[in-house]
Structure formats: structure tokens, C-alpha cells
Amino acid sequence: GVLQRVDVVADGGSSLYGANAVTGVLNFITRTSYAGFQASVSEGFADGYNAFDGNVMAGKEWSSGDVYMAFEHKSNTPLFNGDRDYLRQTYLSNRDSRSSSCYLPNITVSTNTNYAINSLPSNTPGALKANTTGPFGKLDPTTNTGQFNRCDTSLNTTLVSKEEADSVFMGFRQNLTEDVVFSAKAIWSTRIESQAANQLTYSGTIDTSNPYFQSLNGETAQTVQFSFSPYLGTSSYTNRPFMEVIQVTPEVTAKLPWGDWEATVTGNYGRSFSDSFARLVNTTAASMAMSQTFADPARTIPTSPALFASPTTGNALDPYNVALTNPTLLNEILNFGQYGKATQHQLQLQANFDGSLFDIWGGAVKAVIGGKYSMEDFVSQWDINVPIGQQSGAAIPGYQFIFRRTHPIPKSVFAEVA
């Protein structure tokens, strides 16, 4: 492969590797040249999981130089928590850790009274009571057990994400003269993951201001815990974080007319980019759709309009069976998320002279002297509570946060004798 060896320096190396190399250095040494062709494929299997790795490398040499290129593709299937018994949400430390925001909702009327919906009801009067069991007492404060709908939200979420990764590495060397050599190495790598997360859930209060409200025993308000899976049709959703890395390192080495002394000038430019997106529930919109009397402590939301039920224009949310709610309203509640991206640039320039000073009985005493300049730039942007349809483009007032850090390191001079 491209990697020839890994040098481990268990001590500081700031003079050669920069100010961050204080306690030690891992130096990944890649091939300087390669001629020919090679390819390899490997695949591994486990219960509910497999991984693939394939790579090819080809190179050519000529009298004054060489070039080679390598390509690698890696992929693996997702491994779900439900595929491993020890990762399931059951009883951990004698406590029921399963979720109560499930496909079949739960209703709490007071701190001591709970109901469990055993079948998704219609929105006709009396349908909720006909499809609900209870009342039950409050949950056990120690074991969290009781008569409640429970669901293992880990079953369809990933322990190991599905991943696709590609990378290209290239090396080039050319003797410009007998004493001057130019070389360059470059890498491009990209990776995308597919992470399965538990489907969006919500817990809120519904009261008589909502036309979908159905009383079970004369109460005028209820707290309902539910999942949006009856509307979305799946028990999980997928996030797809992405990463890309580009790095180019040119170098010129020249022999000097003093013994074995050489001068080396090295440049390095690197750029990395990553982005990710996580879906969220617009809790303000959901609360306003559950109850007209929704209280906004910050007083940023005007008085809620009267709620009405309609499969096409309604502004009321049916928490007992969300699939019966106006789809336009549900999309407004679910068209929400958090989008983040980060870009990092790195520029390094280094020049050094090295060679022998004099000989002693144990060998030559060598020295190196040089200078280095390094600059790093990091920009991170987060769009918090941003509509999914506006992941790019102009910033949404009040929702965008940008962090920028420029970290230049001035010129430094180093010298070492060994």
C-alpha cells in the first residue's frame, strides 16, 4: 500500500515538526516511489454486519523520476443496536429504560393517573375511550415500571453507521538537475455516513381548545406522549454527515557544495470540510397546534388563533393519531432541524539546511537549521432550528451562529545538533 512505515518519536520534536510536537510524534511515512501494479480486496463478515475494502495502486519509473497513484474504496453496512441483545433498552440496574413516546401514545391526566392507547383511534367522539386501557396508577419511581405503552427506541438505530469512503493518493518525483529534485504528494478523501436515529417524538398538553380533544373521565386537559411514526411511516430517520479532506505537499531538495549538506524547502496546504444535519421537532408550532392556550414565556409568539380540525387546512394537531392531522401542518412542525458545517485550512512553509559538521570516533556530528511558518484557519457555522428547505442560502435572522478562529504562527527558527 501507500503507507511504508510509521515512525514513533516518544519525545518532543518541536524543532522539526512544529510547536505542537511537545510530548511525542507519530510520523506516517508514505512511499517515495512505486513501479508496477497491485490490487487487493478484502471483506469481513459478522452477525448482521459486513465491511468491504478494495484498493489499487499503479506507478511508473523513468531515468529521472517516477509517479504513482493509489485509489481505495471502503464501505460497511449498518450495525443496528437491535442486532445485539446487550444493547437493547430493557431493565438496566432494575429500571425499565424503554421509551414511553411510542407508535401507540400514552396519556397522563394527573401525576397519579395514566392511560395507554392500545389501537390508533379515529377522531370521532368516543373512539379514544374505546381504544384506551386504564386508568392506571403512577409509574414506580424506582423501577419506572407501570401500565404504560413502552417501546425500545434502540432497535432501529445504528451502533455502527453505514459508511462509504473513497480516497486517492498521488506521489511524483522529478530530478530537475543532478543536484535538484522536485517532489510532491497529494491526497483527496471523502466519507459519507448514514446514521439511523430514533423517529421524532413529542410530549405536550392538549385541552378543550383543541377540537380533537376527547375526555376519558371528565378531565379538561391531558399530557400525551407520542411518536410521529404513524405519519412518517418509519420508526427511524437517517442523518448523513459528510467529510472531505484535500492535502498537497510539494518539496524541493538541493545538494549544496559543502560535503553532504542539503537544502530543503517544503510547502503544505490542507483543507477539510464537514457538514451534518439533525432533524428536530418545532416544539413551538407543536404546542400551539395542541392547545390554543399555549403559554409563551418569552412573549415572542402572538396569541394563538382558534384551533379547528380539517384534513386539508386544519391548524389543530391530533396527538392520539397524528396521521389524521392536516399533512401541511405536520410538515410545518417537522420541517425543522439543526445544520452545521465546518471548514479548516492549513498552510505550512518550511526551509531547512542539514548536513555533517565534523567526524568523531562514533561517526559524523550532524546539524540542522531552518525556519517554519504555519497558519490555521477554522470556520464553523451552525443554523439552529432552521427549516430543512433552507440548509443553504441567506442566513435566517436569529437562528445562525458563526464561529471563526484564525490561528497564525509567526516565523520560527530552529537548530539541532546530533
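A residue is called buried when its relative accessible area is under 20%, exposed when it is over 50%, and partly exposed in between, with a 1.4 Å probe and protein chains only. By that scale Asp 66, at 0% relative accessibility, is buried.

The model is predicted, so local features are reported at pLDDT of at least 70 and side-chain atom pairs at pLDDT 80 or more, while totals for chains, interfaces and linings use all residues. Residues are numbered from 1 along each chain as its sequence is written, and side-chain values use heavy atoms, with hydrogens and water left out.

Asp 66 has a salt-bridge partner in Arg 173, with 2.5 Å between the closest N and O atoms. A salt bridge here is a side-chain nitrogen of Lys or Arg within 4 Å of a carboxyl oxygen of Asp or Glu. Because Asp 66 sits in strand E5 (residues 65-76) and Arg 173 in strand E11 (residues 162-175), the pair ties together parts that are 107 residues apart in sequence. Strands (E, at least two residues) and helices (H or I, at least four) are DSSP runs numbered from the N terminus. Arg 173 is partly exposed, at 28% relative accessible area.

The whole structure contains 4 salt bridges. One of them joins the side chains of Arg 271 and Glu 244 at 3.8 Å, N to O. Here strand E17 (residues 262-279) holds Arg 271 and strand E16 (residues 242-255) holds Glu 244, 27 residues apart. Arg 271 is partly exposed, at 26% relative accessibility.

Another pairs Asp 260 with Lys 366, whose closest N and O atoms are 3.2 Å apart. Asp 260 belongs to the loop between E16 and E17, and Lys 366 to strand E19 (residues 363-386), 106 residues away in the chain. Both ends are partly exposed: Asp 260 has a relative accessible area of 39%, and Lys 366 one of 42%.

The interior can be read through its nonpolar cores, meaning sets of buried Ala, Val, Leu, Ile, Met, Phe, Trp, Tyr and Cys residues joined through side-chain atoms within 4.5 Å. The largest has 26 residues, and those with the most contacts inside it include Ile 107, Phe 226, Leu 317 and Val 281. At least two residues of this core come from each of strands E8 (113-117), E13 (201-207) and E14 (221-227) and helices H4 (283-290) and H5 (327-334). A second, separate core of 6 residues includes Tyr 34, Met 57, Tyr 68 and Ala 70.

Neighbours within four places in sequence aside, Val 281 is in contact (heavy atoms within 4.5 Å) with residues including Leu 200, Tyr 202, Phe 228, Ile 333 and Phe 336.
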